[in-house]
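Here's a quick tour of a protein model. Have a look at the structure first, then work through the points below.

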There are 2 protein chains.
Amino acid sequence: MEHKAQIQEAIKIQGEVVRKLKSEKASKDQIDEEVAKLLELKAQIGGDDGKHQFVLKTAKGTRDYNPKQMAIRERVFSTIIGCFKRHGAETIDTPVFELKEMLTGKYGEDSKLIYDLKDQGGELLSLRYDLTVPFARYLAMNKITNIKRYHIAKVYRRDNPAMTRGRYREFYQCDFDIAGQYDAMIPDAECLKIVYEILSGLDLGDFRIKVNDRRILDGMFAVCGVPDDKFRTICSTVDKLDKMPWEDVRKEMVNEKGLSEEAADQIGEYVSLQGGMDLAERLLQDQKMSRSKQACAGLSDIKLLFTYLQLFQVTDKVVFDLSLARGLDYYTGIIYEAVLTQAGVAPVSTEAQNGAPAEESVSVGSVAGGGRYDGLVGMFDPKGRKVPCVGVSIGIERIFSIMEQKTEASAEKVRTTEVQVMVASAQKNLLEERLQLVTELWNAGIKAEVMYKKNPKLLSQLQHCEESGIPLVAILGEQELKDGVVKLRVVASREEVDVSRAALIEEIRRRTSEA
Amino acid sequence: MEHKAQIQEAIKIQGEVVRKLKSEKASKDQIDEEVAKLLELKAQIGGDDGKHQFVLKTAKGTRDYNPKQMAIRERVFSTIIGCFKRHGAETIDTPVFELKEMLTGKYGEDSKLIYDLKDQGGELLSLRYDLTVPFARYLAMNKITNIKRYHIAKVYRRDNPAMTRGRYREFYQCDFDIAGQYDAMIPDAECLKIVYEILSGLDLGDFRIKVNDRRILDGMFAVCGVPDDKFRTICSTVDKLDKMPWEDVRKEMVNEKGLSEEAADQIGEYVSLQGGMDLAERLLQDQKMSRSKQACAGLSDIKLLFTYLQLFQVTDKVVFDLSLARGLDYYTGIIYEAVLTQAGVAPVSTEAQNGAPAEESVSVGSVAGGGRYDGLVGMFDPKGRKVPCVGVSIGIERIFSIMEQKTEASAEKVRTTEVQVMVASAQKNLLEERLQLVTELWNAGIKAEVMYKKNPKLLSQLQHCEESGIPLVAILGEQELKDGVVKLRVVASREEVDVSRAALIEEIRRRTSEA
């Protein structure tokens, strides 16, 4: 009873919170959240009214997939998995939550976005934030020193959702990684080949893959006079160059991060450079850059990378771009990012060969990214044994968004089932005969449906076919049963033909073999 | 600093907890959990040693899937999804967590097993406990009144794991449900047809599908003199009949649940009955049972169900079993459960026809179950509008366990990739040529691999093929390059044949078309 009084007090307070937010015209999300808490409290009191009032919604930043969205999702997955398998990848799966300590210290600033589970008396758990850290944990735990694997699964971030742009709190990641001690740049180049194949295969329009190297960035910072302890923070400012003009980036460096104007300007010169193998060669000769051993190692590897990319026939989309600086702490070598570009962008290879800066292309966002992380597995290994890794993550949610919009815009009707034939009847009292026939079809592996009504109208049976794109109808009537045939109707053309019962399965297979 | 002191104090206390548990020889799980908490506290202090000591493990009751397990998992899924698609099902997906209030009041006693997320300032969330409640929420939220859908996804229960028997805290559910107002027992019968097809298709040995009806159970309890308020608790005791002999069940009813001995004995007579349509007919004539309207409605539906099951050709495995009483509160009509039986069980149909009680068959556990739940969606609808539903859940984790054990026991080598050909060289300095060839193959859609080494030994290239079951090797050498051919080697037979470069792709396709 006393407990109940406490809850009632809490309900009163929470009610005030909601009223206040409403009067302040707070955001809908914020109000919804507080209302949800209020309802939760009310639910605890229970009461005999039986019906609680629900806010019928999914959690903030998440969504259901309806059958149409699932059909598109499956199509995208099938292209991507097809590519991974073509390159000989295995797949693994890991639990949706990890011991909290596994994720600690891996994501820097972003750690605050990790979802923790409530301590219900057991281990402290967190939802996975990406698939890379669980992969590293898996390798260390099982002492695996080489594997080529893909992993497609959902990850969780308590970020500000922007759902129309495909940014969710629950979202798929789609990772391909190669772990193992191999000769330089061969697996790295294969990752880029895979990005190239997937983006071409999904037919998303023109794209470009930017490449850089952590060591080149660090070397560049060093020779430009950035103090060691400012590398990471300056790097994250450089990372904003795809969203902000250079002037603003420079301002942030100088005003907020306290970098000297001279250093900033020197960085500015370098990060405006884009090219191909020629640019790497030129920078190896660059008086300042060549002073950094690290930078030289990175530049030599970029050269080697481009050699392999040429053999893989993908250099037309790849550009060495010194402004690329991916955020994650764990990268140690090559890094890359693929962006979709709007139509009309000059081919990258020409620019690269001329050494001229690329025409400003409007980036519509990153759809893949990755790099080399040789140290991460060692963070999990009790003896710190390293397993070199390189990988790529396909930005599948953004791809889903684009595909959904494309489908919406096109006249194409997305089928959500694969049913080949509907078993129907034009007359009453033929339920048993329909069930018998559909059983024959199912047992022969035909995808078939039957209406769950004793006496459905023929029209409603045909309508269902139209709506869900079922190409054929097998119609039974007294006459057909007497003659031992089935009337096979082609939904699109309305053509009807009598087929003997014995030949029906073959006929359905023949007519739907291309579907 | 003060904060740090607090943590150090907490570390001291937690250290004591761990020592105490160890001295008391507590369970490994319990100790591991407390150690994990200790390490978490230590991690908060950080310190400059850089390396934290990790307990390298997955969360309690969860597991990783390695590539071999994934290959088996995919094979199982493909059979099951094939069946769902054959029956015209669409698929949907829902988020892994729901607003906590969505799950409140749906699982009775078991609610304590729900994983909650930590309140990090936002909505109160819980991990989904099954796929049925999210499905009902989805239907109510989108005002969907009919759909046939499957959903395969992981669910979460803070249960005592028994991992060797396939019981985990994170596990797959694999649900097929038909929602909509249809004529009685047609969709219900299709659910059983689906269970039949899947269990046959997976080749798990003999099985039996038990069927009963909530209304028959309730009617039976009423006519046996069970007080209304004891229906649920007596029902959950009856549910134990598959694990306990009748004497123990009776004892629990009388001694623990306070049922009269007379009522218990009457129940005992009914729950020993098994049969088919004939049993339903007999019970409709039963003096006592026929007094219950509810029971009669259920019995008539069982009769109708068996009519449809005959048309679906599945009666040889289905048995009407009055002892079946599935635990979940939300069932309102027909219920069923499939169990694998050890070899040597007499066919169910004979027993059913004789009306004789079945020979005691040793159940090796339930692998599928489900039933009708006409009220659940209404619990979510603000106006309480009902959407009748019937569905089945395939116990996929137990099936994985069985398949893994079967594969382990057999000589079959499970391939974890689908690579058709390895591009290899016998001589040094042919990396570029290998990369060129593998590019040709990839671009033609061939699944191909190449070693990430400049000069790999031929032996290690061939070994890799043996180990991962790659059937073909395309070998390049100076001579082959000069002649414009590739030496194609069949790994199994060691046969080698020169194939012209132009004909290579066709030749590989031809030789691996059955793989």
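Putting chain B and chain A together buries about 9,800 Å² of area, and carbon and sulfur atoms give 59% of that. Keep in mind that this is a predicted model. We'll start with the place where the chains meet, then zoom in on a couple of residues, and finish with confidence.

**Where the chains meet**

- Chain B puts 103 residues into the contact, and chain A puts in 103 residues too.
- There are 16 salt bridges between chain B and chain A.
- One salt bridge links the side chains of K148(A) and E449(B), with 2.8 Å from N to O.
- Polar contacts turn up as well: 48 residue pairs across the interface of chain B and chain A, counting pairs with both residues at pLDDT 80 or more.
- On the side of chain B that touches chain A, helix α16 (residues 431-443) of chain B gives the most, with eight residues.
- That side of chain B is made up of 47 nonpolar, 21 polar and 35 charged residues.

**Zooming in on S425(B)**

- You'll find S425(B) in strand β12 of chain B, which covers residues 421-425.
- Is S425(B) buried or exposed? S425(B) counts as buried because its relative accessibility is 1%, and buried means under 20%.
- A polar atom of the S425(B) side chain lies 3.3 Å from the backbone oxygen of Q427(B).
- Setting aside residues up to four places away in sequence, S425(B) touches several others, including L430(B), R434(B), P456(B) and I475(B).

**Zooming in on F207(B)**

- F207(B) sits in strand β6 (residues 207-213) of chain B.
- With 4% relative accessibility, F207(B) also counts as buried.
- Beyond its neighbours within four places in sequence, F207(B) is in contact with a set of residues, among them Y196(B), L199(B), K317(B) and V339(B).
- How far apart are F207(B) and L431(B)? They are 224 residues apart in sequence and 55 Å apart in space, going C-alpha to C-alpha.

- Chain A has an average pLDDT of 88, and 91% of the residues score at least 70.
- Among the elements of chain A, strand β1 (residues 90-91) has the highest mean pLDDT, 98, while helix α13 (residues 348-354) has the lowest, 36.
- Residues 47-52 of chain A have pLDDT below 50, and this stretch has two contacts in the model beyond near neighbours in sequence.
- Residues 343-363 of chain A also stay under 50, and the model has 33 contacts for them beyond four places in sequence.

How values were computed
Residues numbered from 1 in each chain as written. Chains lettered and ligands numbered in written order. Heavy atoms only, no water. Helix = DSSP H or I, 4+ residues; strand = E, 2+ residues; numbered from the N terminus. Buried < 20%, exposed > 50% of the residue type's maximum accessible area, 1.4 Å probe, protein only. Polar contact = N/O pair within 3.5 Å; in protein donor to acceptor, adjacent residues only side chain to side chain. Contact = heavy atoms within 4.5 Å. Buried area = accessible area lost by both parts, 1.4 Å probe. Salt bridge = Lys/Arg side-chain N within 4 Å of Asp/Glu carboxyl O. Nonpolar A, V, L, I, M, F, W, Y, C, P; charged D, E, K, R; others polar. pLDDT = per-residue confidence, 0-100.
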